[in-house]
Amino acid sequence: MHTTFVSGFTGRSGLGRYTSRLEIGVSVFFVISGFLLYRPFAVAHFRGTPAPDARRFWVRRLRRIIPAYWVAFLVVSYVLQADTVRHAWWSLPIYLGFAQIYLPNYTLTGITQAWSVCTEMTFYLTLPLWATLMGRLGAAGPSSRRRPAGPFRRHRHRPAAHPRRPVDTQLRVELAGLASLVVVGLAYRIWVLQMHTSLSTTMPNWLPGFVDLFALGMLLAVVSAYLAQTDHRPAWLWHPALPWASWALAAGAFVAVGNIRLPLIPIYQSPVGISLVRQTLYGLFALFLVLPAVFGPQDRGLLRGLLRAQPVALIGLVSYGVYLWHEAALMLFLRWTGDHLFRIPLWQLFGAVGGMALLAATASYVVVERPALRGRRRGRSAALPAPAPVPVPVPTTGTLAASR
């Protein structure tokens, strides 16, 4: 999306209405995060076992995100000078503390695309708290074992691990909680978009503005954990045609959002109605794109074979670095070549920026990220006992597994 805009392809081609909407990748990112990070909590809820330790969860997230981000920010901002930063004495703590989205004067400075990491960090902080609430509400529910209604009705129950937590009660609690998150997210967006203050330009990027997207990923986590616990596989979720039907719906959502007359520029404000339609279509696209990777046979299929291919898996392994470094690569390319904005062949800009970002991301993974992750594992094995294995299959399809 960034290279199509800067090269001028978005403005001069008839495909601009679609290339400008490639920002939809952020929605996919949030849905995947909601699924992968909430699933261990959902599994624990349905099994009636202790949830993952919140402190350990937060430490893992900080180790995964902070080292690579801090190095990228310091190098890009103060060595390469490939972005704009504010130089007040309090600026560095704001950038390194993922707080730039809360201050309008800082939103478009530093690693500008990192606004979504700031949103993610808030999600990390609140997710264990939300999981604790859902676990307690489920445990406090009625102890009678009633059969669930709807599409999950015909199956044989596995005995619940906790006598006060039947899986159907927990399912209702989880679904009601996720529905409330969607309502809160949409209501927050309506409220913010009607404000006329300096904060209204950045408040849509705060966690409540995207909590509905995280909730869609958490929905996938809840349903997959529930089905695994009850040993039930609905035929329609494992049907060979499901991926194609799901991706057709995703394609329909993408085409639709490309034709609601949104601006072609990367930063814009839309009326409330258009914004809600865009948010809904972005969420549906992400949901239907990811759904076939969550359900169905995990060891068969052409697409899963492609996602497991070594080149794709390696790109997934360093994808966080690509995200952090690609804007700097774009700015450096423009500086070194002297090319003017909007007059560059797309293939040239995309190839150069993609190659530079991959090299920087690989170096970041080898020098920064992998040592931090190894330190996490050594610290866990030395200080804490290994967690007991959970006999519940977890989807591990290609990029989904590599990205986390």
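Predicted model: local features only at pLDDT ≥ 70, side-chain atom pairs only at ≥ 80, totals over all residues.
**Confidence.** The average pLDDT of the protein is 86, and 87% of the residues score at least 70. I flagged residues 144–164, where the pLDDT is below 50; this stretch still has 47 contacts in the model beyond near neighbours in sequence. I also flagged residues 379–403, again with a pLDDT below 50, and with 42 contacts beyond near neighbours in sequence.

**Cores.** Next I looked up the largest nonpolar core, which has 89 residues. Which of its residues touch the most other members? They are Tyr38 and Leu220. Helix H9 (residues 211–229) gives this core its largest share, 13 residues. I also found a second, separate core of 8 residues, with Leu330, Leu334, Ile344 and Leu349 among them.

Beyond its neighbours within four places in sequence, Leu220 contacts Val31, Phe35, Leu287, Val290, Leu291, Val294 and Phe295.

**H8 against H9.** How do these two helices run? The axes of H8 (residues 167–193) and H9 cross at roughly 170 degrees and come within 9 Å. H8 and H9 are therefore roughly antiparallel, as the angle is over 145 degrees. On the H8 side I noted contact residues including Leu171, Leu175, Leu178 and Leu186; on the H9 side, Val211, Ala215, Leu219 and Val222 are among them.

**H11.** Last, I checked the length of H11 (residues 272–294). At 1.5 Å a residue, its 23 residues should span 33 Å, and the end C-alpha atoms are 32 Å apart, so the two agree. Just after H11, I noted that Gly296 has a positive phi of about 95 degrees.

Note on methods
Residues numbered from 1 in each chain as written. Heavy atoms only, no water. Helix = DSSP H or I, 4+ residues; strand = E, 2+ residues; numbered from the N terminus. Expected span 1.5 Å × (residues − 1). Core = buried A, V, L, I, M, F, W, Y, C linked by side-chain atoms within 4.5 Å. Buried < 20%, exposed > 50% of the residue type's maximum accessible area, 1.4 Å probe, protein only. Contact = heavy atoms within 4.5 Å. pLDDT = per-residue confidence, 0-100. Axes fitted to C-alpha atoms, helices over the stretch in contact; angles between N-to-C directions. Parallel < 35°, antiparallel > 145°, perpendicular 65-115°, else oblique.
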